[in-house]
Amino acid sequence: MTEIHPASADERAWVAQRLNELWASTTVVSRGWTHDASELPAFVASSGAEPVGLATYRIEAAECELVTLDAFRRGEGVGTALLHRVASEAAAQRCHRLWLITSNDNLDALRFYQRRGLRLVAVHRGAIDAARRLKPEIPEVGDHGIPIHDELELELVLPAAAG
Ligand SMILES: CC(C)(COP(=O)(O)OP(=O)(O)OC[C@H]1O[C@@H](n2cnc3c(N)ncnc32)[C@H](O)[C@@H]1OP(=O)(O)O)[C@@H](O)C(=O)NCCC(=O)NCCS
């Protein structure tokens, strides 16, 4: 069974190491801004003692950006559990929306998020070509041999906070 907990201070070095392995760096670029995801609040998914997923997010101006989401074992509900946990944290912190950027080649993510209620709200043409100048590790060609150029912005409108 998957359990989710906020990353503890002791887990920070592990979070940075995993982000480096998964994203070639802890630096994430979205909408022209650079974030060090290893310094952001994070949720860890675990199965027994084994970590099986990681999500990082940031909250600003009543909006929550899901900065990274990774399931180390796919198709077992880890990504869904982490997404739900970040969304409930965002709602608890009175955010009105959860949003994220994915790249135009990430068809798995596009399917995953849309099947979980997120809507595609913008295509930022050429934004990843621009991001590549800030983070040269971003590959030119991604999943399915698709050239990576554009940021796709998805959002989930959160229920208004009570009270
Ligand atoms: C996108 C991503 C996070 C999804 O995570 P995941 O853990 O594989 O997702 P889930 O298992 O929750 O759901 C995926 C599918 O498995 C199915 N599933 C869920 N629980 C399952 C289980 N226990 N057994 C088998 N299948 C299951 C779901 O029905 C879902 O299928 P659907 O899309 O047809 O509804 C994952 O593919 C990933 O880490 N990708 C690489 C990083 C990335 O691109 N992140 C997103 C951009 S930031």
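**Close-up views of a predicted model**

**View 1. The largest nonpolar core.** Of the 39 residues in the largest nonpolar core, A55, L66, L82, V86 and L98 touch the most other members. The largest share of this core, 6 residues, comes from helix 2. A nonpolar core is here a set of buried Ala, Val, Leu, Ile, Met, Phe, Trp, Tyr and Cys residues joined through C-beta atoms within 7 Å. A residue is buried if 20 or more other C-beta atoms lie within 10 Å of its own, exposed if 12 or fewer, and partly exposed in between, with C-beta atoms placed from the backbone. Helices (H or I, at least four residues) and strands (E, at least two) are DSSP runs, numbered from the N terminus. The model is predicted: local features need pLDDT of at least 70 and side-chain atom pairs count only at pLDDT 80 or more, whereas totals for chains, interfaces and linings use all residues. Residue numbers start from 1 along each chain as its sequence is written.

View 2. Not counting residues up to four places away in sequence, L98 touches C64, L66, V86, A87, A90, E155, L156 and L158. Two residues are in contact if their C-beta atoms, placed from the backbone, lie within 7 Å.

**View 3. Helix 2 and its buried face.** Helix 2 has 15 residues, and its first and last C-alpha atoms lie 21 Å apart, close to the 21 Å expected at 1.5 Å a residue. The expected span is 1.5 Å times one less than the number of residues. The buried residues of helix 2 are V78, G79, L82, L83, V86, A87 and A90. Seen down the axis of helix 2, these buried residues fall within an arc of 160°, so they line one face of the helix. The arc is that of the directions from the helix axis to the C-beta atoms. An α-helix has 3.6 residues a turn, so residues three or four places apart point the same way. Just after helix 2, R94 takes a positive phi of about 65°.

**View 4. A45 in strand 4.** A45 belongs to strand 4 and is buried, with 25 other C-beta atoms within 10 Å. Leaving aside residues up to four places away in sequence, A45 touches T2, I4, V52, G53, V78, A81 and L82. A45 and V78 are 33 residues apart in sequence, and their C-alpha atoms are 6.9 Å apart in space.

View 5. Helix 1 comprises 12 residues (12–23), which should span 16 Å at 1.5 Å a residue; its end C-alpha atoms are 16 Å apart, which agrees. V15, R18 and L19 are buried in this helix. They cover an arc of only 100° around the axis, which puts them on the same side of helix 1. Strand 4 (42–47), strand 5 (50–60) and strand 6 are among the elements that cover these buried residues. The face turned away from the buried side carries the exposed residues A13, Q17 and E21.

**View 6. T68 in strand 6.** T68 lies in strand 6 and is buried, with 22 other C-beta atoms within 10 Å. Residues up to four places away in sequence aside, T68 touches L19, W23, V28, A37, L54, A55 and T56. The C-alpha atoms of T68 and L158, 90 residues apart along the chain, are separated by 19 Å.

**View 7. Two loop residues with positive phi.** A24 sits in the loop between helix 1 and strand 2, and its phi is near 70°, a positive value in a residue other than glycine. With 13 C-beta neighbours inside 10 Å, A24 counts as partly exposed. R31 is found in the loop between strand 2 and strand 3 (33–36), with phi near 55°, a positive value in a residue other than glycine. R31 counts as partly exposed, with 13 C-beta neighbours inside 10 Å.

**View 8. Helix 4 and its cover.** In helix 4 (residues 127–134), A127, I128 and A131 are buried. They cover an arc of only 85° around the axis, which puts them on the same side of helix 4. The cover over these buried residues includes strand 2 (27–30), strand 7 (97–103), strand 8 (119–124) and strand 9 (151–157).
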